[in-house]
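Subject: Structure for you to look at

Hello,

Here is the structure I said I would pass on.

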Amino acid sequence: MGKFTGILILDDGSEWPAHGYGFQGARIGELCFNTAMTGYQEIISDPSYAEQIIVFTFPHIGNTGTNNEDNESDYPVAKGIITRTIPTQPSNWRSKYSLESWLKKHKIVALYGIDTRSITKRIREFGACNAIIHYKKDGAHDIPALRKKLSLWPGIINKDLTKKVSIKKTTSIPVQRTNKKLLPKVAVLHFGTKSNILRCLNMFDLKVDLLPATTTFEDLLDTKPNRI
């Protein structure tokens, strides 16, 4: 497989040589794992993964490509991903872009060629840990600099990640039905709301006002919602 173009360093000092794809660079985050067998695009774009590096335990990542409809947020906030093998070329009628091109677009660093089962067992046994991943095509990794960068990162505990994922202005979700006057209104406070939650509310013909997490109680009541 040639020289290692990527590396994973954990806060316990362990190093995991790997190969990189996606965006070239270094990313720091809390290391976590996901065991889902489908929906990698939805997982990476899920706002709840802010400041995290996702380890996928399922081996077939990338085989359905990516599209413009399955994102759970306007832009992914995950720092990076780790997979067992390099993503295969997409083979799906809904695919618009390969996973790698989508990762490059959103500046997400990805590594493959790591024993993801071993990392998952470590996280399960000792809990989430801080980590840094680095991808450079020429395989040049300044290990001391990466270690120092990781040691200076404060982590996500007590960090207000809501500001990172919430919207800035109140948004009304369009209703598909024509008789809109009869529909009850639901106010949704955006603390990292998935797009699919909004789609589901819309399917039930509900008027939806999506409000920033910083909305005051008075401003919330001013929208005159039937439910919150």
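Helices (H or I, at least four residues) and strands (E, at least two) are DSSP runs, numbered from the N terminus. The model is a predicted one, in which local features need pLDDT of at least 70 and side-chain atom pairs count only at pLDDT 80 or more, while totals for chains, interfaces and linings use all residues. Residues are numbered from 1 along each chain as its sequence is written, and side-chain values use heavy atoms, with hydrogens and water left out.

Leucine 146

Leucine 146 is found in helix H4, residues 143-152. Its relative accessibility is 7%, so leucine 146 counts as buried; the cut-offs are under 20% relative accessible area for buried, over 50% for exposed, and partly exposed in between (1.4 Å probe, protein chains only). Neighbours within four places in sequence aside, leucine 146 is in contact (heavy atoms within 4.5 Å) with Ile7, Ile9, Ala26, Ile132, His134 and His141. From leucine 146 to isoleucine 156 there are 10 residues in sequence and 18 Å in space, C-alpha to C-alpha.

The chain as a whole

The chain has 7 helices and 10 strands. Its C-alpha atoms fill a box of roughly 65 × 45 × 30 Å along the principal axes. Of the 228 residues, 45% are buried. Taking contacts between residues at least 6 apart in sequence, 76% join residues at least 24 apart. The accessible surface is about 12,700 Å² (Shrake-Rupley method, 1.4 Å probe; for residues, only the protein chains shown count as cover), and 54% of that surface belongs to carbon and sulfur atoms.

Helix H3 and what covers it

In helix H3 (residues 116-126), the buried residues are Thr116, Ile119, Thr120, Arg122 and Ile123. Viewed down the axis of H3, they fall within an arc of 160°, so they line one face of the helix; the arc is that of the directions from the helix axis to the C-beta atoms. Arg117, Arg124 and Glu125 are exposed on the other side of H3. The cover over the buried residues of H3 includes strands E1 (6-10), E2, E3 (25-34), E4 (52-56), E5 (80-83) and E7 (129-135).

Two strands are taken to pair if DSSP finds at least two bridges between them. In E3, 9 of the 10 residues are buried, so this strand is largely enclosed by the rest of the structure. E3 pairs with E7 in the antiparallel sense over 7 bridges, and arginine 27 has isoleucine 133 in E7 as its bridge partner. With E4, E3 pairs in the parallel sense over 5 bridges; there phenylalanine 33 stands opposite valine 55.

Strand E6 (residues 109-112) points Val109 and Leu111 one way and Ala110 and Tyr112 the other, and all are buried. E6 runs parallel to E5, joined to it by 4 bridges, with isoleucine 82 opposite leucine 111. E2 pairs with E6 in the antiparallel sense, also over 4 bridges.

Tyrosine 21 lies in strand E2, residues 15-22, and its bridge partner in E6 is alanine 110. At 1% relative accessibility, tyrosine 21 counts as buried. Beyond its neighbours within four places in sequence, tyrosine 21 is in contact with residues including Ile81, Pro87, Glu100, Leu103 and Tyr135. The side chains of tyrosine 21 and threonine 83 make a polar contact at 3.0 Å; such a contact is a pair of N or O atoms within 3.5 Å, where within protein one must be able to donate a hydrogen and the other to accept it, and residues adjacent in sequence count only if both atoms are side-chain atoms.

The three-strand sheet

An open sheet of 3 strands has the order E8-E10-E9, with mixed pairing. E8 (171-173) and E9 (185-190) are at the edges with a single partner strand each, so one side of each is left without a neighbour in the sheet. From one strand to the next the twist averages 25°. E9 and E10 (residues 207-212) pair in the parallel sense over 6 bridges, and valine 188 stands opposite leucine 210 in E10. Helix H6 (residues 195-203) lies across E8, E9 and E10 and runs at about 155° to E10. For these angles, axes are lines fitted to C-alpha atoms, for helices over the stretch in contact, and the range is 0 to 180 degrees between N-to-C directions.

Regards
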